[in-house]
Amino acid sequence: MEKLFADFSLGLFVFQSAIFVGLILLLKKYAWIPILDAVNEREEGIKSSLESADKAKEEILQLQLDNKKILKEARIERDSMMKEAREMKDKIINEARNEAQDEASKLKEIAKADIKHETMAAMTDLKNQIADLSIDIAEKILRSELKDKESHNALIDELISEGEDKFTQKQN
Amino acid sequence: MTGKKLTFKIAFIFMLTSIMSMAEQEQVSHETETNHTETEAIHSGKEKQQQEIKDFVNHHLKDSHDFSLYNYTNDDGEKEHIGIPLPIILIDAENGVTAFMSSEFQHGKKVVEVNGKYLKLYHEKIYYTDADGTINYDENHHATNKRPYDFSITKSVVMILVTSILMFILFRNLALSYAKNGGVPTGAGRFFEPIIIYIRDEIAIPNIGEKHYKKYMSYLLTVFFFVWFLNMTGLTPLGVNVTGNITVTLALALFTYFITTFTANKNYWSHIFWMPGVPKPMRIILAPIELLGTIIKPFSLMIRLYANMVAGHVVLMSIIGLVFLFKNWLGSSLSFGLAFALSILEVLVALLQAYIFTMLSALYFGSAVEEHQEEH
């Protein structure tokens, strides 16, 4: 203990204290605060980048999920659209077919009516001609009957054949 | 692995140069011997050499008024000292401030006259003497001469200054390198930055707490690197035993004490003077004990650092001294190997003591700002 007191030097104590206080203050201002701030800033930077990286990862995951969902939805929509289209197609074809059939049957009806009508007209015409011819024949017979019996017969035959020709001619 | 190799190399160089300076210093003790009445009683060669080594170790542990590198005896048998003289500044009630270079003392051989008073350097202390330089002794062989106030720039002061400047340059560069290199340190900063972060994360924050640690960081960082660097320079062959000087460790411990005392909160003082959760008569008994405890804590800091550094130096230098005592190849090489191993150990102790000093300072600061303490 005595040796310790003997070793004590006031001068050294004063110098040591003064230099040390100066060193603390200088280093605080020019070294420790900038260093600790820089280290802190870097640590915060690392922390925040890690966080944002995690966030980005999550976002990507979410996006992937979304993509899958969208894809799935699109597929469903496509399927439904295709189904609809197929239905539409079938419907259109059926409709067209029905319409065509209707039209065809209508035309058939019209044609049938036309044919009937024409036939009726022809028949009427034929009937009129036959009536005319018959009247002619009857007139001629009546005229020749007045002369003789033989010429009378010959005339009838002649008229019949004539009438036949006329008929066939007309028919053709 | 390269780090380990490097440590070995450094320790080896330290030790080799230490031995060299020891060999030279052996002759110093020849000279001091003339001043020593006690050494005259020693006759046998071995005992004389032992005394020389003891003197040398004692001399090395002390602060010095000049920065001696080495010395030798010239052809005329005269002592030649090679070193740098340092300024001597003395303050005296009568003469005021006087200053001159330490070379004027010629290593204690010459008496210096200043303003009609005679000054003599004796065992690295300056005394008032008569013109012949007579030193009077008391019965315990202590000098009784009066002394002026000695504010000299001693070897320790020079080393403290050099270390401070080195620290400032080193950490200023580290601070500047962040801006230059995008937040990443360059050069030596790469080595020191993890240590700074370690002190923050492993010493300051766990002991002081997230809330208050910032205001203590400057002190903790400065004291850690200051003690560490000075411990390391103490291991160099320059032999500047700064942290093994009681004055320096006292100053450092006082800093810790004052910072603890002046930043302490109400809780800290209430735990000293009026311990909560203890019966009232006990509180009266505890108060002086606790108060004494606040002084013992920094006192232990002072003694711990001082004793560790002094012990390391004494043991290391004594073992190096054994090399010269043995004077045979086996003993000398054995002590050489032992000194080598101890040098490596001392490098570790240098770091460890700096760590302990910082750690305990942080612990005391933590107790000063602790807020809500549980019942004991």
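Which domains does the domain assignment give for chain B? The assignment lists domain 1 (65-150) and domain 2 (155-369), with bounds that come from an automatic or database domain assignment.

## Basis of the model

This is a predicted model, in which local features need pLDDT of at least 70 and side-chain atom pairs count only at pLDDT 80 or more, whereas totals for chains, interfaces and linings use all residues. Residues are numbered from 1 along each chain as its sequence is written, chains are lettered from A and ligands numbered from 1 in the order in which they are written, and side-chain values use heavy atoms, with hydrogens and water left out.

## Interface between the domains of chain B

The centres of domain 1 and domain 2 of chain B, taken over C-alpha atoms, lie 33 Å apart. Contact (heavy atoms within 4.5 Å) links four residues of domain 1 with five residues of domain 2.

Together the two domains of chain B bury about 390 Å², with 79% of it on carbon and sulfur atoms; buried area is the accessible area (1.4 Å probe) that two parts lose on being put together, summed over both. B:F67, B:S68 and B:L86 supply 80% of the area that domain 1 buries against domain 2, more than any other three residues. Between the domains there are zero salt bridges (a side-chain nitrogen of Lys or Arg within 4 Å of a carboxyl oxygen of Asp or Glu).

## Surroundings of B:T249

B:T249 counts as buried because its relative accessibility is 0%, the limit for buried being under 20% relative accessible area (1.4 Å probe, protein chains only), with exposed over 50% and partly exposed in between. Leaving aside neighbours within four places in sequence, B:T249 is in contact with B:T243, B:M302, B:L305 and B:Y306. The side chain of B:T249 reaches the backbone oxygen of B:M302 at 3.5 Å.

How values were computed:
Polar contact = N/O pair within 3.5 Å; in protein donor to acceptor, adjacent residues only side chain to side chain.
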